[in-house]
Every structure is written in C-alpha cells, then in structure tokens.
Amino acid sequence: MKKKLAVILGPTATGKSHCGIALAQALDGEIISGDSMLVYRGMDIGTAKPTAEELAAVPHHMVDILPPDAGFNVVDFKEQAERLIDDITARGKLPIIVGGTGLYIKALLENYHFNAAGENAELRRELETLLAEQGKEVLFARLQKAAPHEAERIDINNTRRVIRAIEAAESGDNLSHTNDGELAYDAVVFGLRMERSVLYGRINRRVDIMLEQGLLEETKKLLDSGVPASAQSMQAIGYRQTVMYLTGQLDYATAVDKLKQATRNFAKRQFTWYKKMPYVQWFDLPAQPDYEQVTAEMISVIKKKWK
C-alpha cells in the first residue's frame, strides 16, 4: 500500500510556508522542505527561510542540515526525503512536502531512477579539449544546453564542476523514470499560483525586504567565514548578485535590479516545471490571499480523499 503524502508547491513568494504550517497543525503533520536552498545553515535571509517561530510551530525536516560550502542535488534530496517519509509515516504522522524546486518534487513523486555511472573518460577528454581550445564560455554554454538546472548553480569559472555536470547529463546518469506516470505515493499535490504581474510585484517587495533584513551583511559574513564565492550555495539567486556587488563587479542599483530580474525569471522557470506535473490541484490566489480559506479547502480535499 502506498504511503500518504501531501505536497504544497508553487513559485517563490506565493505563501507556501504559511499554508504548510497550517496544514501540518490541522492534520498532525510534519514538514519536509522541498526547497534546494533551505538545507544550508547560515543562509536565512537570501533563501526566505521560515522564521525560528515558524520552524518551531511544527516539526520541519531538511532545513539547516548542511554547511554552506557543501554540495546538494536532486539525488541527495530524493534519498533523504524517502527516508523521512517512511519515518514520519511510521510514527503515525502525515508527511507534508513544502517547496518550490520542481525537479526535486517531481523526481520524488514520480520515482525517478538515477544511474551513478562512473566517469566517461572519452567524453571528459572531449570536454577538456573543448575548454583548452575554445574557452570556458563555450564549455559553459554546453552545460546550459545539457543541464540548465545545474548551470544556474555552478560558477562558470569552476571548470572542473562544469565538466562533471556535463558528463552527468550527457552520459545518461542524470535521471530517468519508467513508471508510466503513476505516482510513487498516495499523494495530494496542491499548487499555489498568482497572476504574473501580481507575483512579480510580490517578488520585488520580497527582495526589498531581504535587503532591509540584512542580505548584504549575511552574504559578507558567509564570505568572511571562508565560504568560497564559487560554492554551489553562493551561486544561488540572491547570493550571487550580492557577491558581485560586494566584490565591486556591480554597483548597488544594478545588483538589486539583477537580483529582482533573476528571481522573476526563476519563478517563470518554476512554472515550466509545474506544467510537467498534471496531477497538481491549483489554487489561483488574488493579490491579498485568504490563506485560512485556502488551507481549509486543502483540508477538505484531503479528508475526502483519505476518509
């Protein structure tokens, strides 16, 4: 029998955490973060991590589990999330995934299979030759084509990681799924979305709030503590643009503009992932959402499904 699982997904700044906590409180649930950045300790403002009060309101998992210079990918997420779902279910609680990383959640729900293939020596030689003869820009362009999700997170100057990521994508050890669309769990998947102009306004305001809360200071503290600017986590939206300002590559106004633009573009890419997930039950939210009403509707759907 498949294990029960509730999921709340949606683009950044739609209020997923708010609904997730309310749902967990109403249904004796525990939250598993489905966000690729919340795993990092010390990266609170730039990731819009739930507050200490919110984290204490219900049990949260996959938050603050790694140092900021560690690597983390979809394979790590799927393995850890599967273990957590087993554990939470065994304790009689409802596991609730809350997050916006579409690839991670899709891989978990549809039970993607990953092949940890070894090095492809022939392909590696080809890529090293490409780097030597045509430069890192051409090499990085190949990564953007082969694995755009990875390209968002890897520094163009970290050519060793660029080559490894291309190897992973082009050697076929990235991911595959053969379950004919059947979900791995008895899942209810909710999505939050807004009209694009409303969402973009919320994103712009969220960036302003992050800056007021101390995003520059948080990023500087990470750099000062020895986290390299080339670390996977520091390539994330928010930190990457802030680092460029702190190192003099961008002036402040340009860095803020680029940060807002990158976040809006990220929301657009999130929608692209969600379009590949036809089982999502969407809530179209107004500019001022009534999250209590939304959560009540979610609870009603769940109770009907699992009565």
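By class, the lining of the largest cavity has seven nonpolar residues, two polar ones and no charged ones. Here Ala, Val, Leu, Ile, Met, Phe, Trp, Tyr, Cys and Pro go down as nonpolar, Asp, Glu, Lys and Arg as charged, and the others, Gly among them, as polar. You're looking at a predicted model, where local features need pLDDT of at least 70 and side-chain atom pairs count only at pLDDT 80 or more, while totals for chains, interfaces and linings use all residues. Residues are numbered from 1 along each chain as its sequence is written, and side-chain values use heavy atoms, with hydrogens and water left out.

So what is a cavity? On a 1 Å grid over the protein atoms alone, it's a set of points where a 1.4 Å probe fits but cannot get out; a pocket is an open set with protein on both sides within 12 Å along at least five of seven lines, and lining residues have an atom within 4 Å of a point. Points are joined across faces, edges and corners, and a volume is the space filled by probe spheres set on them.

By this rule there is one cavity of 30 Å³ or more. The largest cavity holds about 50 Å³ of space. Look for L211, L216, Q241, T242, Y245, Y252, A255, V256 and L259 around it. Helix 11 and helix 12 are the elements that give two or more residues to this lining, and helix 12 has the largest share, with four. Helices (H or I, at least four residues) and strands (E, at least two) are DSSP runs, numbered from the N terminus.

Now for the second largest pocket, with about 470 Å³ of space. Of its 22 lining residues, E152, I154, D155, Q235 and R240 are the closest to the centre. Helix 6 (136-146), helix 7 (148-151), helix 11 (239-246) and helix 12 (252-274) each supply at least two residues of the lining. This time the largest share, four residues, comes from helix 11. The pocket lining divides into 10 nonpolar, eight polar and four charged residues.

Next, find strand 5 (residues 186-194). Two strands pair if DSSP finds at least two bridges between them. Strand 5 pairs with strand 1 (residues 4-9) in the parallel sense over six bridges, and V7 has V189 in strand 5 as its bridge partner. Strand 5 also pairs in the parallel sense with strand 6 (residues 281-285), over five bridges. There, R193 stands opposite D284 in strand 6.
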